[in-house]
Amino acid sequence: MNPEDISFLSIKSGDNVKVTTRYGSVILKSSSSNQLNKRGLIYIPYGPYSNRVVGDDSNSSGTPTFKGVQGSVESAIGESVKTLEELVADLRGV
Amino acid sequence: MTGNIIIRNGTVFDPKNNINGDVMDIAISNGKFVQSVDEKSARLIDASNKIVMAGGVDIHSHIAGPKVNMARMLQPEDHYKNLRCKTDIKRAGVGTSCPSTFVTGYDYSEMGYTTVFEPANPPLKMLHVIDELNDTPMLDKACYPLFGNNWHVMEYLKNKKYDELAAYVAWTLKAVKGYAVKLVNPGGVENWKWGVESTLFDEPVGRFEVTPREILRGMCKAVHTLNLPHSLHVHANLLGTPGNYEMAVKTLDSVRDIYTGGKPIIHLTHVQFNTYGGTNWLNLSSGAEHLAKYVNNHNHASIDLGQVVFSKTTTMTADGPFEYKLQKMIGNKWVNADIEAETGCGIVPITYKKSNYVHAIMWITGLEAALMVDDPWKVCMTTDHPNGGCFTTYPKVIAWLMSHKARGKVLAKINKRAQRRSALENLDREYSFSDIAVVTRAGPSRLLGLKDKGHLGVGADADVSIYDIDVNKIDPAVQYRTVRRAMRRASYTIKDGEIVVKDGQLVKSVPGRIFWTDSKVSDDLAKSMESELRSKFNDYYTVQMNNYIVAEKNIVNSTPVKVKANV
Amino acid sequence: MDIYQDVVCPVCGCLCDDIEVNVENNRVSKVKNACAMGTTKFLNYNSDRLHSPLMRTNGSQQPSSLEESITRVAEMLVNAKYPVVYGLALSSCEAVKVAVELVEEIGGVIDNQTTVCHGPSVQGFHEVGESTASLGEVRHRADLVVCWGCNPVESHPRHFERYSYTVKGRFRKGKEDRKLIVVDVRNTGTAKIADKFIQLEPNKDYELVNALRTALNHEQIQCETVAGIPVEEIESLAETLRTCEFGALFYGLGASHTAGKGRNIESLGLLVRDLNNWTKFVLMPARGHYNVTGVNQVCAWQTGFPYAVDFSRGYPWYNPGETTFVDILRRKESDASLIIGSDPVAHFPIGVSKYLCSKPLAVIDPSNSMTTMAADIVIPSSFAGIESEGIAYRMDGVTFSMKKVVEPPEKILSDEDVLKLILGKVKALKRLK
Amino acid sequence: MAEITLKLKSEPPFQPVDLSELSPDGVAGKSLNEVASIPIWIGNRPSVLCSIYDISGESTSNLSDLLLVINGDLPNSRRIGAKMTNGRIIINGRAGLYVGAEMKGGLITVNGDAGDWAGIGLKGGLLEINGNVGDFLGAAYRGSRKGMKGGVIVVKGNAGCDAGAWLDGGTIKILGNAGINLGIHMIDGTLYVSGNCESRIGASMTGGKVILSGKTEDLLAGFQIEEIKDKVKVGEEKISGPFYVFSGDNAESGRGKILIKKDTNPKLASYEKYL
């Protein structure tokens, strides 16, 4: 996350945040990075966590909307990041 | 391997062995032609009232490799028109101008072809080419690596190190498993890599201080020195340019003095694209007359046609600048793909239309060349697949060669202005079946140095095609449609003594073999050249020299042809 | 100790082939020349292995025999009406060939990681083609390197030093002879070392390319900014592109995954085509998985189509959006999946991952993953390029024969061999039917 | 009019169902039994029409007098009415992919949503979709530059992305909203959107006309304003403006026109200074 955005949320780098898009939401551990040099930009590494907030609509291209997704970020101190096992259990519906 | 076969009472055309339509039996045992076999143990094929020829041999057809595959990826819309289902024998695939590898093998085989050589490959990507050829069944295959814009070649020539050049060519053919030496637009592709579109024959290539003429002559000598089975295979400069017949003649004439008799030393490929008169696209004309005159008067040169067939197809060549100019002209999708230190590549899909003046002139030019060169042994029938048209259109081309009437039918429908400029109407020559056997079998085999191909003599590979044409009833000049149909689907194709096609349908899939040339130069020369090459390899390439080499284990039925060099 | 030289690195699409690997007692002890990603792979590939086939019974995965698992996978595939085989970008081309034959046999769909990677780039290629080159061309000639939505410093660490920027070439001494321009939405590691960083607004790639092409045509642009960038700056960028001697534009998922997807790559293709009217310019994707290019190549020459090939009606059919794995799952059309060396459960959006897990799911993989955790049948395999040989294609299509430097664990086969067993079993089952 | 009615059976397959033979051309002159055994594919299994539909009614050999009524949602279907030349299809329910693909004549009405590639490569006839439609409406096949060439498509609801890609004739009317890349690579013909439109209208267009009554985001840089027009005609229908008229795509040296309603797009007023 952009460092100013982190301060704006009154959290510090490493605190958990909740990211919500029109596709879903996910609890993540935040990290401040100067690569996000503009306010309002966040980056989530590709994988099981980012995939809870990206869309499966592909514009008939086969490729989901993995980038350029609009969303919101809020502080989620106290909420925990799910483990991979929990994510798999979620997916399998057990 | 295989059992015995007797092909009984066929009308045999085997020009190499001077058999011209004689009714006779052909015996096969263990994949080779033999004098006779025991009738009881043999399978009999009744070929009465049918034509028997050696399996077809294609000297120049782009069937595999990086550019063919890019052309496949470029055109899903083309594939949609010809989707092929899996069967018990056949793998699935797609047809049209860039068929999938399996379909390529099947379609060739069903036309009676058994040997097809892929004519333009970047040495750096030869493992790709070979791996595609491994997946191209039914055919014996080989590749012609590209040398016309190779940095090492240009440097050896600049430094006048001719023996080292020969040793380098021998090493490369062996390393990447190539068969013959191909030049495409010598020097011109290197210039194109800086965006230069045209290259003059006697002007040094930018930053390399050698001229296209020097590259041609140097490589022609190297091929000669190495005793390679095939001559220097050349796609000349200025391809696809009005007035380029002069360059074609100049190209052939530039190596005239190297000839010492015997087989030709230079093969000018797809001459149709290189034999235009005129000065621009509006006054474009056929220059076939001039080229034919030269070829008729000289024995050091051979040609193949690159005939255009009116259809939707794909142009693809190592001649990057040509394709750039073509896409500028016709505005279709365009691929350019240059290869470090070696060569380039371009691809543009095209539809040849009868109504188009330029396309009509192209159609005329190819046929004129075929009809004006007197000696069929100097001519190979090709469409430069898929550049002039897909190889599946060969029967059409054969019909045009055999029938004035068939040509006339098309001539009447093409662009009127082009029609008026054509000499075709007055060219009465009609190829005989024997001539066809020369330009599609015996001739290319001779030029390629394939002693066991293209004929039915004892000891040769038992590759046979049998066509349902009764020469007593069918006059090809009149009933050309029957010929065309019969040649599209062979009654039988026999590959290495196995029946692989029956009644025009594949009955067995076989992998075929891959030829490559191992020309031995002296140990000392080989060693010194290799150590010098190793010292600069990493400066030229982004791969390690050891990884540049294609191992034999990666080749299905690797078949080296060993020759001894003169150095 | 054995020392292997000129080993091909099976990690990213750079496929560096100058790696030296030391092996002691069938363990990689030292790696030279590789980047951090490559070194880690060679040293740690073994850390999270699957050791035995697994089958789910009563809800939990239990060890099983190879034969039993192969039979179960074959039955699953033969019984399915619309099975999908997915993965293979981390397999050898030999394995891909077996997989294509298998999918023909079962009348299924074969798709690979291209579908969630450079699939849009392939679609752009279908529309307009591209002017491209082997990487050595860039090394020798490029005086201008543009990275558009790609970040080689972090995802292809040796790209610059071997192929494109800092490397010495025949006509370029190194980076002092080249200019690096980065176009990206964030200040990536690559952007930080660039001579010029153009930061565009998210999802505005097409707009920027269109403006550049308009500027190249010397047409007036009737607005002040495009994609957040002042028009004067765009015009000056167009001038820089136009006046270089040899330009190379590398693009990544930053261009192919944002709004418009394949159309962005198509427009980059058109930009580079237009630039060739002024100078020499080439375009190249920076591809991820080491052999994703190889899967595309093999699929294309065997079927005509580079990925997402549907054999359900006996012939190959292809249309991204219809025959691509994500879309098949999104429409809930598949009824069984076989995954080879990939982890779609982790990497696909949650909605489609859920559907994937709800139907029979088999996996061939060397290591544990979310997909193996969710699967009904798991068959371990060896690592191609480390434990087994095979052919792979670099991102520019240059082809390599990968080496085997260590033996795989006992009883672990290559994915090629596992697929052959499945194919054999499928054929046998079909004969019975 | 002779009418054949197909009623979807309960629990239809979820795998792709290929119905490319299901059109008046495939049904005309056939007895009910023959219609019942029209070949279809369910995934990789060859099957027949009656395995998923109850079929009733009566056919005729007179194509133009034949109506097919298809009842039920089958969003996983493919190619209903593909290549049809005459007659009429009414689909009451959701239709799948490629509805009316390469249609040459006749009329298809979808009383529900239709999937992607509806009317792809359309050459003639009328395709009416009374719900929403997916991506690539009336577009060209992958890699092809031959988009819709004639005929009319009317969509009551919204259209997805790339509607009218490579359009080369005919008319597409979208009464709802349209997605990104509307009319990309358009060569000729008319595209009308009554609702709002995502960005990149007319990208790379070289000819033809896009008319937008609703709102859009920015226009591509390759378009320049030409004039303001009071009203425009879409077929016989007059649509009142005023409209900004833009020309482009100059990136492709194109001569296409985009007409965007002035009142709904105050943002575009900035272009007026270039008039």
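A crossing of two helices is called left-handed if the near helix is turned anticlockwise from the far one by less than a right angle, and right-handed if the turn is clockwise. The legends below describe close-up views of a predicted model.

**Figure 1. Helices α9 and α10 of chain C cross in a right-handed manner.** Helix α9(C) spans residues 205-216, and helix α10(C) spans residues 231-243. Their axes come within 9 Å and cross at roughly 70 degrees. Angles of 65 to 115 degrees count as roughly perpendicular, and α9(C) and α10(C) are therefore described as roughly perpendicular to each other. On the side of α9(C), the contact is made by C:A211, C:L212, C:A215 and C:L216. On the side of α10(C), the contributors are C:I234, C:E235, C:L237, C:A238 and C:R242. Sorted by class, this contact has seven nonpolar residues and two charged residues, with no polar residues.

**Figure 2. Chain C meets chain B in a contact that takes 50 residues from chain C and 47 residues from chain B.** Several elements of chain C give two or more residues to the side that touches chain B, among them the helices α3 (93-106), α4 (119-128) and α13 (292-303) and the strands β17 (317-318) and β22 (399-402). The largest share of this side of chain C, six residues, comes from α5(C), a helix that covers residues 135-141. The residues of chain C that touch chain B comprise 21 nonpolar, 17 polar and twelve charged ones.

**Figure 3. A strand of chain B pairs with a strand of chain C.** Strand β18 of chain B, residues 335-338, and β8(C) run in the parallel sense and are joined over three bridges. Within β8(C), C:A133 is the bridge partner of B:D338. Strand β8 of chain C (131-133) is also one of the elements that give two or more residues to the side of chain C that touches chain B.

**Figure 4. Chain B also touches chain D.** Here five residues of chain B are in contact with four residues of chain D. The chain B side of this contact consists of three nonpolar residues, one polar residue and one charged residue.

Figure 5. The residues B:E425 and B:R407 are 18 residues apart along the chain, and their C-alpha atoms are separated by 8.3 Å.

Technical notes: Residues numbered from 1 in each chain as written. Chains lettered and ligands numbered in written order. Predicted model: local features only at pLDDT ≥ 70, side-chain atom pairs only at ≥ 80, totals over all residues. Contact = placed C-beta atoms within 7 Å. Helix = DSSP H or I, 4+ residues; strand = E, 2+ residues; numbered from the N terminus. Nonpolar A, V, L, I, M, F, W, Y, C, P; charged D, E, K, R; others polar. Pairing = 2+ DSSP bridges. Axes fitted to C-alpha atoms, helices over the stretch in contact; angles between N-to-C directions. Parallel < 35°, antiparallel > 145°, perpendicular 65-115°, else oblique.
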